[in-house]
Amino acid sequence: MITGQLRNEIDKLWETFWTGGITNPLTVIEQITYLIFLRRLDDMQTLKENQANKLGMEITDPIYEPKHKELRWSYFKNQDPETMYRLFTQPVVDDMSAFDFMKQVGGNGSTFSQYMKDATFMIPTPRLLDKTVQMIDTIDMKDRDTKGDLYEYLLSKLQISGQNGQFRTPRHIIRMMVNMVHPTTDDKICDPAAGTGGFLVAAGEYLRQQYPEAFHKKEFLQYYNQEMFTGIEFDATMRRIGAMNMLLHGVETPNLIPKDALSEENGDIEDQFSLIMANPPFKGSLDYDIVDNKILNIVKSKKTELLFLGLMLRMLKPGGRCAVIVPNGVLFGSSKAHKQIRKEIIENHQLQAVVSMPSGVFKPYAGVSTAVLVFTKTNSGGTDNVWFYEMKADGKSLDDNRADLISPEQFEQVFTESDKVADELLGKCDIADVLKRYQKPEEESKRERTEQSFFVSKKELQENDYDLSINRYKEIVYEEVEYDSPDEIINGKGDEKGIRQLTEERLNLLNELEELLK
C-alpha cells in the first residue's frame, strides 16, 4: 500500500494539477499515465542496451534510435523545466516531440502502446511537467507492488460517474467478489465493462498470491500475459488508464477490446470465458435495434443492467462462473424483463449467492443500493438453494466521506485471514464474515431466517416470482414491550412516582420560588 512520503508527494502533485487548471480527475490520471508510459519505454530500451552490451551484439528492435536521445526519459528528466517542456511541445527529431514519439510507437510497436495513439498532451506549464516527471522518477518501477499501489492510489481519486452510470468500484468490494469466485490458473477471465481494469487486476493479484509457483513456468506466464485477461471498454480514455493499470500490475499485453459490449459488432464473443466479473452500467437505456439479437433472445429489455446479465450468460462457457454487481431493482423488479432474466438464471443455470450491500458503498458519486450475484452457467439448471447475505458494513463510513472504520492492516486481514477476524470486525466490516460463511454452506444451512445470512430454496423463489430481495425472505423478530396501566402512570407504581406526585412536587417548588421572590 502507498504510505508516507510517496503518498504525500502524490497528494501534492494532485493539488498542483488542480491549481494549474486541470480539475477533471480522469484527465489528471491520463496525463500521469502518459508520463509513466514514457518512463517505461526508456526502461525497456535501457534493458535492451544492457543485454546487448553483455552479449556484445547489436540491439534488436530498439525502441529509440541514437538520434532520439533527447526524447528519452533519462535525458529530459535532467533538463530544466523550460527545456523539458519544449521537448514535449515542439518537434525535436524527425518532426516529433517526446510526446509525439510515444504516440508513433503505438503505431508500430507493442500491443499496449496502441492504446496511446489518440493521446493528447494537456499539462499546461513547465513547472507542473517538471514536478510530475520528478515525482514519477522517484518510484521504484522494478517493484510491481509499489508501482501497482501507486496507480491504485491514483485511481482511488477517480470519483466521477460516466454518462451511462459507470463508476469505479471500490477495491475492497472487488476483492470480496474475487475471493468468492476463486480464479484459477486455468481460467480465461473477462470484464465486459472493464473501465480502469480493477476486476482484471484484482484477479491477477489473487493468482499471484494463491499460485506463486505457476509464475515460474514459462508456458503459464505467456498465457497470463497474453490470453488470460480480456476487457471490453468503448471509452478510449478508460482503455488507456485500464491498460496502464494492468501493465503496472504485471500483465504485459492486456487485451482490451474497443467495442460496445452490447452491440451486434461484439456478437462473435460467445461461450469463450470461464470467469466473468463486472460492475456494468446501471442507468443506461438502449434501443432494441442497436443491441445484439442474441442478448435480446435471453432478455428482451432496453435496460443496460438487464442486458449485461444476458451478455454475460452468452459470453460464458458452460461451467463458467460469474460475479456481478447489480442495482437492487434487478432483484425485485416486477416488469416482464426483470422476471425473465431472474427466471433464466435460476431455472436454466445455477444461482449460488445474493449478497446485498449497504446503499453507501458507491458514495459520494452514487447512493444506489446494490447487490452481488454469483452464478454458474450450466444450460441445464442446477439451482437448489440460494445463499442470501445482508451486508450492513463494508469497513468504511456510509456517508460521502467514506472514512475508514478499520485500519489498512485489518483490511488486508479481511482477505487473508477472514475466518480469524470475521467475528471481531462484524458490524464494522462484514466482508470477512461474507467470505467465511460463503465457504461453509453446510453450516449456513442451519441458520435461521432471523440471522444475517441464510439459504432459500428454489421452490420458495419460484413461489415468489423469483424475487431475490433478501427482505422478502428475512424474518424480523418483534420484542413484546409491556407498558404500565393508565392508573399506574397517573398514580405511580411501587417506588416509582406517577404524574400526580410529580405534578404536586412541581407546584410545591413553584410556591417556594414565589415566596423567595417576595
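A salt bridge is defined here as a side-chain nitrogen of Lys or Arg within 4 Å of a carboxyl oxygen of Asp or Glu. By this rule the count comes to 29 salt bridges. The model is predicted, so local features need pLDDT of at least 70 and side-chain atom pairs count only at pLDDT 80 or more, while totals for chains, interfaces and linings use all residues. Residues are numbered from 1 along each chain as its sequence is written, and side-chain values use heavy atoms, leaving out hydrogens and water.

**A pair within helix 2**
- Arg 39 and Asp 43 form a salt bridge through their side chains, at 3.6 Å from N to O.
- These two residues are four apart in helix 2 (residues 25–55), and therefore about one helical turn separates them; helices are DSSP runs of H or I with at least four residues, and strands are runs of E with at least two, numbered from the N terminus.
- Arg 39 is buried at a relative accessible area of 11%, whereas Asp 43 is partly exposed at 33% (buried means under 20% relative accessible area, exposed over 50%, partly exposed in between, with a 1.4 Å probe and protein chains only).

**A pair between distant parts of the chain**
- The side chains of Arg 40 and Glu 252 meet in a salt bridge at 2.6 Å, N to O.
- Arg 40 lies in helix 2 and Glu 252 in the loop between helix 11 (236–248) and strand 3 (255–257), 212 residues apart.
- Arg 40 is buried at 18% relative accessibility, and Glu 252 is partly exposed at 35%.

**A network**
- Salt bridges link Asp 433, Arg 437, Glu 444, Arg 447 and Glu 451 in a network.
- Glu 444 and Arg 437 meet in a salt bridge at 3.0 Å, N to O, and both residues are buried.
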